[in-house]
Amino acid sequence: MAAPRRGKPPRHWLDLGRDERRDAVRELGLPAFRADQISRHVFEHLDLDPSGWTDLPAADRGRVAEAFLPSLLTSVRPLSCDGGTTLKTLWRLFDGSLIESVLMRYGVPGIRSSGSGRNRATLCISSQAGCGMACPFCATGQGGLQRNLSAAEILAQVVAGARALRDGEIPGGPGRVNNIVFMGMGEPMANFKAIMATIRTLTAPAPHGLGISARGITVSTVGLVPRINQLAEVGIPVTLAVSLHAPDDELRDELCPINTRWNVAELVDAAHRYFRLTKRRVSIEYALIRDVNDSVERAELLADVLRRDGGHGWVHVNLIPLNPTPGSKWTASRRRDEAAFVAALERRGVAVTVRDTRGREIDGACGQLAASVAAE
């Protein structure tokens, strides 16, 4: 699970906490109040280019850019679908590593493929370049782990998405990011320190952060039990999403090798503890794989595994039609099997939904686009 040792990305304003920012500008020979000015440009105006900051002396703008605002992400290949309301971007990092983020806008009038309901936007972001969890049905896992991302590299994905929405680059007019999901490339809990720094900046009110509600942030994990327990103790009410994918150890050992370290019972116990401490309902992510984990019997076993004191009210099952990777033996369940799985859970009183499949035609599954470009 440890990330390989590689060169560190350059220090960025997005890496720093509030007090660190003040210290940093003093070290540069600037008065402390400049820290709040810089933060207003970065977090309120989403502007990472000081050349046009007229409230900063012209002589200081280049110094600030060099010291605090190096380029972190370079867009390699943006792809869109769903009438332009789904935008997937492949980014190249300073060392050549590739990551992906996906911006999905819902409820856009006149664009049926954006879905119904209120106009809202969700941004799916990466926390690692590659992934070390080795789940065989996942494109990212097949490529292995390259390195952890810095907090700034993670936050830069959010700033880019927020700027695209603000500037009306996504159909539906100017908007803002409502939800952040750590479900892109990588295992977030294996990069815990950077994830927590990111969440604190995401939730900090302007001008010291992006002012996004903690309740609009979801952190996923394939099952790092000690980190789930640690997250529960932090006291920030983000949503926990557990990528379970199988209700029994025999199958989950194959689908999620981390299960050989922390088994299904230990993982579900930790997830339930998270619910008890935070009062936040846990999401159970379950990729439906044809003739592997999609039988009615496994749905019934899943319901049994998730039952805790008081029943199933602490949890919601999010079924994911598998987006198969090229050449893989794993593929999506048949519609009739998916429907039978849902019905079996509902009979047992388990809250369940089937995730909207966005971005299939643009290598929608995490890691597919990066893998295809790396192979070119």
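Visitor: In which hand does α6 pass α7 at their crossing, right-handed or left-handed?

Guide: First, the ground rules. This is a predicted model, where local features need pLDDT of at least 70, side-chain atom pairs count only at pLDDT 80 or more, and totals for chains, interfaces and linings use all residues. Residues are numbered from 1 along each chain as its sequence is written, and side-chain values use heavy atoms, without hydrogens and water. Helices (H or I, at least four residues) and strands (E, at least two) are DSSP runs, numbered from the N terminus. A crossing is left-handed if the near helix is turned anticlockwise from the far one by less than a right angle, and right-handed if clockwise. Here α6 passes α7 in a right-handed crossing.

Visitor: Which residues of α6 and α7 meet?

Guide: Contact means heavy atoms within 4.5 Å. Phe-192, Met-196 and Arg-200 in α6 touch Arg-227, Gln-230, Leu-231 and Val-234 in α7.

Visitor: Is Ala-194 buried or exposed?

Guide: Buried means under 20% relative accessible area, exposed over 50%, partly exposed in between (1.4 Å probe, protein chains only). Ala-194 lies in helix α6. Its relative accessibility is 12%, so Ala-194 counts as buried.

Visitor: What is Ala-194 in contact with, leaving aside neighbours within four places in sequence?

Guide: Ala-194 then contacts Leu-149, Ser-150, Ala-151 and Ile-154.

Visitor: How many bridges join β7 to β8?

Guide: Two strands pair if DSSP finds at least two bridges between them. Three bridges link β7 to β8 (residues 217-221), and the two run parallel. Phe-182 has Val-219 in β8 as its bridge partner.
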